[in-house]
Amino acid sequence: MNKKLVRQIAHICLFANDIDTTADWYQRVLGITKVFDFTRDGRVFGYYLDAGANTYIEVFENTDSQSSENPKIGHICFEVIDIDEAIAHVRELGYQATDKARGCDDTLQSWITDPDGVKIELHQYTPASAQYIGGDRVANW
């Protein structure tokens, strides 16, 4: 049996045609609250919604011409127990994993791709993570 590396899904990233309408829908229809915003050049372009039990929905404005009938999942994010161990394991199996980096939300992350090209973020919270302490974050990417 393989050693368990994943604790749970950390978040699912969605691209929305209208981020305000999407936030309103999740908050109004499902009672999910906004945790923090992502800003760039002084403007909100995304945010985190609290889906409960330390799982989140990450929403960014849609930058391509997709219709609302064709929503796009940007990536799946798995919270890992130990990011260094997870990266080493992926690489030992012969797959590529990006070097560990600190995101603007103060989480540790590495990126891999599944066989179908789905982007997967390996994600480890830190004591300074916005998901725990809140506070808007300025995106540096």
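Rings of Phe, Tyr and Trp (for Trp, its six-membered ring) are taken to pair if their centres lie within 6.5 Å, and such a pair counts as stacked with planes under 30 degrees apart, as edge-to-face over 60 degrees and as tilted for the rest. The model examined here is predicted, so that local features need pLDDT of at least 70 and side-chain atom pairs count only at pLDDT 80 or more, whereas totals for chains, interfaces and linings use all residues. Residues are numbered from 1 along each chain as its sequence is written, and side-chain values use heavy atoms, with hydrogens and water left out.

A search of the whole structure finds nine aromatic pairs. One of them is the stacked pair of F45 and F60, with 5.5 Å centre to centre and 25 degrees between the planes. This pair links distant parts of the chain, 15 residues apart, since F45 belongs to strand 3 (residues 43-52) and F60 to strand 4 (residues 55-61); strands are DSSP runs of E with at least two residues, numbered from the N terminus. F45 counts as buried at 5% relative accessibility, and F60 counts as buried at 7%, where buried means under 20% relative accessible area (1.4 Å probe, protein chains only).

Y48 and Y56 form a tilted pair, at 5.3 Å centre to centre and with 45 degrees between the planes. Y48 is buried, with a relative accessible area of 0%, and Y56 is likewise buried, at 6%. F36, F38, F45, Y48, Y56 and F60 form one aromatic cluster.

A charge is said to sit over a ring if NZ of Lys or CZ of Arg is within 6 Å of the ring centre and within 35 degrees of the ring normal. R40 lies over the face of F45, at 4.1 Å from the ring centre, and K34 lies over the face of Y47, at 4.7 Å from the ring centre.

Key
Helix = DSSP H or I, 4+ residues; strand = E, 2+ residues; numbered from the N terminus. Buried < 20%, exposed > 50% of the residue type's maximum accessible area, 1.4 Å probe, protein only.
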